[in-house]
Amino acid sequence: MTTPRLLARFVALMALALPLTAAPVAADAHELPEPRREFRAAWIATVANIDWPSRKGMLMDEAKAELVAQLDRLVEMNMNAVVFQIRPTGDALYQSELEPWSEWLTGETGKAPSPMWDPLEFAVEEAHARGLELHVWFNPYRAKHATSKTDPVAPALAATNPSVVKQYGNQMWMDPGEPVVQQHSLAVVLDVTRRYDIDGVHMDDYFYPYPVRDEDKNEIEFPDDASYAAYVEGGGKLGRDDWRRKSVNDFVQEMYAGVKAIKPHVKVGLSPFGIYRPGHPHFIQGFDQYDKLYADPALWLREGWMDYVTPQLYWPIAPPQQSFTALLSWWDDHNPMGRHVWPGLAPYRHFDDERGRYPVEEFVYQVRYARYLTSVSDGHIHFSMKWLMPLEEGNALADRLSEAVYDEPAMVPATPWLAGDAELPAAPAVRGVAVRDAEVEVTINSSSARSSPRWVVQVERDGAWFEAFGTPGESRVTVATPGGGAVDRVAVRLADRFGRLGEPTIREGGR
């Protein structure tokens, strides 16, 4: 590790004890400041009705209202993205010809909603109207969850090609080593990418399942004898563990390339188990995903097969064996392509009486650490949405996050490596600027607003810079400028789907 990075981390640790302020960003007379950027998201888990819908068979209007309430909560907390689970068990919470409707939506696998509606289409429209990115979350190989009450039906692989689906413990899994399984899961991802206006494709840590043990606590081998034998008979030379890893690696690589071939701006993110391997760094102990899940996310980072990695760092800062700070630094250090590192945080642990509640300030410090200590960790994702919602007993965690680290909105960080030779957005048409005592109101042409997933207004007032963000659904933005004073400049820029800002329209003196 280089000396400058060590120094940066030392300074960051000192900053953790300080309140995080949203001081205006200074800029010289010829440059505009970079707007505040940070990926702030929550997972909405649909499997087992964890987050949404809160129960099976919910009426359409009630389900829509519940989802809108969660999106509104994200906006209220100054978040800017949501990771929405649409394929938890080889099923679909959207209209699909490749997968059956999900039990978690209608109460029965394969049963369509009545009246018919498409939750993903609805979620995309509602998220974008609020200036939120929507990333779709797939589980690539799980075929039936332990809590499921109905069996898979066509066109699920578990029904149409049951030989490639295995019972393992109390769940069913599509065999990742079967080419037909890989091809089917890839087709599902690409189908959604092609048909929906999504911002990201997301997968979690479940490729091969976590090991199941027998009554004597011995690990039970995943039942893939047939697929491995077919590989060997075809001339394959790899041992079974390496073959399993290659199966996962090939899928990740093909998924990344396939998504980019359809829509280059759609980000691909993966959320692996937070420890790459025990001993990385040297004092870390715990589960070995490389040997047990056959996942090699360090390889995926090196090869650039993902645009962001979200290691599930569901541990506190202090214990050295699984330290949030040490692990986040490790992921940052092993990121040669400079992809985004957006750790997964665990607000559910604040409400976990059985294992011991994490204090509220733990999460405040984790967000601050991610901001200050690493070179590219400019965001994070919370698991999960239900723990950020208002609760009967109140929600001190969400309130504190809003007050301490989300007191100002932020744009999603850009992914310029995806843009290629795409042109930047043109300067927007500004219709009016109204200067008041402690605020400036800016109105742009509605067609300019609709052309951008996010637009930014920056006001230089009495030598200090202030900013606010607009969404496609609004053409007027008010920028708070505490203290008033003379307005030096007003600058308006549109963002593209890669997060890059285009040419500014500048009004000198607010005119």
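Helix α11 (residues 324–333) is largely enclosed by the rest of the structure, because 9 of its 10 residues are buried. Buried here means under 20% relative accessible area, exposed over 50%, and partly exposed in between, with a 1.4 Å probe and protein chains only. The buried residues of α11 are F324, T325, A326, L327, L328, S329, W330, W331 and D332. The model is predicted: local features need pLDDT of at least 70, side-chain atom pairs count only at pLDDT 80 or more, and totals for chains, interfaces and linings use all residues. Residues are numbered from 1 along each chain as its sequence is written, and side-chain values use heavy atoms, with hydrogens and water left out.

The protein chain holds 14 helices and 21 strands. Its radius of gyration is 24 Å, close to the 24 Å that the globule rule gives for 511 residues, so the chain is as compact as a globular protein of that length. Helices (H or I, at least four residues) and strands (E, at least two) are DSSP runs, numbered from the N terminus. The radius of gyration is taken over C-alpha atoms, and the globule rule is 2.2 Å times the number of residues to the power 0.38. The C-alpha trace spans about 75 × 55 × 50 Å along its principal axes.

Of the 511 residues in the protein chain, 57% are buried. Contacts were taken as heavy atoms within 4.5 Å. Among contacts between residues at least 6 apart in sequence, 72% join residues at least 24 apart. The accessible surface of the chain comes to about 20800 Å², and carbon and sulfur atoms account for 51% of it. Accessible areas come from the Shrake-Rupley method with a 1.4 Å probe; for residues, only the protein chains shown count as cover. The chain carries 51 positive and 72 negative charges, and their mean positions are 1 Å apart. Lys and Arg count as positive and Asp and Glu as negative, while His and the chain ends are not counted. Each charge is placed at NZ of Lys, CZ of Arg, CG of Asp or CD of Glu.

Helix α4 spans residues 119–129. Its buried residues are P119, L120, F122, A123, V124, A127 and H128. An α-helix has 3.6 residues a turn, so residues three or four places apart point the same way. The cover over the buried residues of α4 includes α2 (60–76), β2 (81–87), α3 (103–106), β3 (133–138) and α6 (179–195). At the start of α4, a side-chain oxygen of D118 comes to within 3.0 Å of the backbone nitrogen of L120. Just after the helix, G131 adopts a positive phi of about 75°.

F39 belongs to strand β1 (residues 39–44). F39 counts as buried, at 0% relative accessibility. F39 and M79 are 40 residues apart in sequence, yet their C-alpha atoms are 7.8 Å apart in space. Beyond its neighbours within four places in sequence, F39 contacts N80, A81, E133, H135, W342, D378, G379, H380, I381, V412 and P413.

V248 lies in helix α8 (residues 240–262). V248 is also buried, with a relative accessible area of 0%. Its contacts, leaving aside neighbours within four places in sequence, are F207, Y208, Y294 and W300. V248 and L93 are 155 residues apart along the chain, and 24 Å separates their C-alpha atoms.

T89 sits in the loop between β2 and α3. T89 is buried, with a relative accessible area of 9%. Its side chain makes a polar contact with the side chain of D91 at 2.8 Å. A polar contact is a pair of N or O atoms within 3.5 Å; within protein, one must be able to donate a hydrogen and the other to accept it, and residues adjacent in sequence count only if both atoms are side-chain atoms. Not counting residues up to four places away in sequence, T89 touches V47, W104, R142, A143, K144 and H145.

Backbone geometry was also examined. Most residues other than glycine have a negative phi, and most peptide bonds are trans. The peptide bond from S114 to P115 is cis, with omega near 0°. P115 lies in the loop between α3 and α4. P155 is in the loop between β4 (142–144) and α5 (157–160). A48, not a glycine, has a positive phi of about 60°. A48 lies in the loop between β1 and α2 and is partly exposed, at 32% relative accessibility. K217, not a glycine, has a positive phi of about 70°. K217 lies in the loop between β8 (212–213) and β9 (219–220) and is exposed, at 62% relative accessibility.
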